[in-house]
Amino acid sequence: MRRTTVIRTGLSALLVLGSWAAVGAGPAVASASAPEPQLSTGLLAAMQRDLGLDAAGAKARLAAEKSAAAVEGKAQRAAGDAYGGSWFDAGTGRLTVAVTEPDRTAAVRATGADVRLVSRTAEQLDSVKREIDRLKAPAGVAGWHVDPEANRVVVDVVASERADNDVQVFLDRARDTGPITVKETAQAPEPFAAGTVGGDPYYTGNVRCSIGFSVHGGFVTAGHCGRPGAAVRGWDGSHIGTFQGSSFPGDDYAWVSVGSGWWTVPVVLGWGTVPDQLVRGSAEAPVGASVCRSGSTTHWHCGTVLAKNETVNYSQGAVHQMTKTSVCAEPGDSGGSFISGDQAQGVTSGGWGNCGSGGQTWHQPVNEILGRYGLRLHTA
């Protein structure tokens with residue numbers, strides 16, 4: 001998507017800074033005394049468009065999600081080995097925590113979370129998922145993840161491929177590992193890379209992708225966008241830096257060193273829809289929370305976190321530990337920022353559908369990328 005000259009001039013500093021944004025401003029790994037972030041009318045409009053909220057509802061939801069994220073770790077510790085997973089309930093505006101032992105419910109409720117009794121722990125379900133990860137999935141299987149609310153492992157298959165013999169064999173083997181539920185999806189996910197288009201954020205070879213989050217010394221992005229040693233060019237064709245690390249498939253993350261007069265700051269790009277925002281941390285949002293994405297093709301879009309630690313079966317191979325969302329995306333958005341409030345969540349990997357008819361998109365969690373390469377997120 002080509003920008004106008006006026007907009008392009010305004011964005012050039014941010015691109016040189018090596019920063020891209022996803023949605024909004026909100027909390028961070030912020031201290032209790034930190035001032036509340038200012039929510040732009042553009043951010044609230046994006047949430048209204050994609051989540052069906054009015055401005056007051058968007059503000060209330062962001063505040064509730066911030067509280068839920070703060071409670072999640074304490075509630076998990078209170079549940080101990082009876083922890084069955086957790087999710088944000090948009091209806092109640094609270095975090096719900098699943099536990100397998102009734103005598104843990106009081107301690108969990110004391111943290112501020114609601115409680116649901118279930119029969120299987122998160123560790124038991126994670127073990128089932130790990131067994132499925134060892135299976136070779138055919139193309140008709142889109143992915144699989146633990147669903148804490150259902151207290152089962154969900155396997156997504158492409159609706160048109162469900163009767164395929166290889167898919168049925170895979171499902172039979174998956175059922176042997178433990179409790180699974182089979183759901184249908186409209187299409188198989190694919191990475192959101194694209195051919196070269198003028199005026200977009202960065203290029204490597206003939207591929208165009210989107211910059212994710214600034215780290216000290218560079219930025220993080222999607223692994224399928226480039227291999228170690230590949231040169232990276234900016235929107236103006238000038239050299240930005242080089243891929244220092246990259247993994248795909250198996251993972252879908254990479255980091256690019258920045259030089260040649262480019263530098264980084266903790267800013268995410270608003271695309272003229274919302275003001276450019278500061279990144280204040282990387283506290284992970286719970287399942288059910290709202291999340292927004294910024295990318296070079298479709299700009300700002302919002303949705304909710306549908307699942308975590310999902311294995312996504314791309315045609316190029318399976319990618320693990322992905323977060324599934326209801327946010328739309330299109331080719332060229334790969335590598336762009338997923339953010340909840342002002343907390344970095346991950347870099348866009350792939351999905352299915354588009355921003356005209358809808359779809360689903362997965363991101364690789366940013367904290368995993370930082371840990372893998374020993375990077376430090378650039379925060380305000």
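Me: How many cavities of 30 Å³ or more does the structure hold, and what counts as a cavity?

Reply: On a 1 Å grid over the protein atoms alone, a cavity is a set of points where a 1.4 Å probe fits but cannot get out, and lining residues have an atom within 4 Å of a point. Grid points are joined across faces, edges and corners, and a volume is the space filled by probe spheres set on the points. This structure holds two cavities of 30 Å³ or more. The structure is a predicted model, in which local features need pLDDT of at least 70, side-chain atom pairs count only at pLDDT 80 or more, and totals for chains, interfaces and linings use all residues. Residues are numbered from 1 along each chain as its sequence is written, and side-chain values use heavy atoms, with hydrogens and water left out.

Me: What is the volume of the largest cavity, and which residues line it?

Reply: The volume of the largest cavity is about 70 Å³. Its lining includes S282, E284, K308, T323, H363 and N367. For sorting a lining, Ala, Val, Leu, Ile, Met, Phe, Trp, Tyr, Cys and Pro count as nonpolar, Asp, Glu, Lys and Arg as charged, and the others, Gly among them, as polar. Here the division is five nonpolar, five polar and two charged.

Me: Which residues lie nearest the centre of the second largest cavity?

Reply: They are F213, S214, P266, V267 and V279, out of 10 lining residues. This cavity has about 30 Å³ of space, and its lining has seven nonpolar residues, three polar and no charged.

Me: Which element gives the most to the lining of the largest pocket?

Reply: Elements are DSSP runs numbered from the N terminus: helices (H or I, at least four residues) and strands (E, at least two). Strand β1 gives the most, with four residues. Other elements that give two or more include α3 (55-79) and β19 (299-314).

Me: What is the strand order in the open sheet of three strands?

Reply: Two strands pair if DSSP finds at least two bridges between them. The order is β1-β2-β3, with mixed pairing. Strands β1 and β3 each have a single partner strand, so one side of each is left without a neighbour in the sheet. Strand β2 (residues 94-99) runs parallel to β3, joined by four bridges; T96 has D114 as its bridge partner in β3.

Me: Where is the cis peptide bond?

Reply: It joins F248 and P249, with omega about -10°. P249 lies in the loop between β14 (239-247) and β15 (253-258).

Me: Is N151 buried or exposed?

Reply: Buried means under 20% relative accessible area, exposed over 50%, and partly exposed in between (1.4 Å probe, protein chains only). N151 has a relative accessible area of 5%, so N151 is buried. Its phi is near 60°, a positive value in a residue other than glycine. Q321, in strand β20, has phi near 60°, and Q321 is partly exposed, at 40%.

How values were computed:
On a 1 Å grid over the protein atoms alone, a cavity is a set of points where a 1.4 Å probe fits but cannot get out, and a pocket is an open set with protein on both sides within 12 Å along at least five of seven lines; lining residues have an atom within 4 Å of a point.
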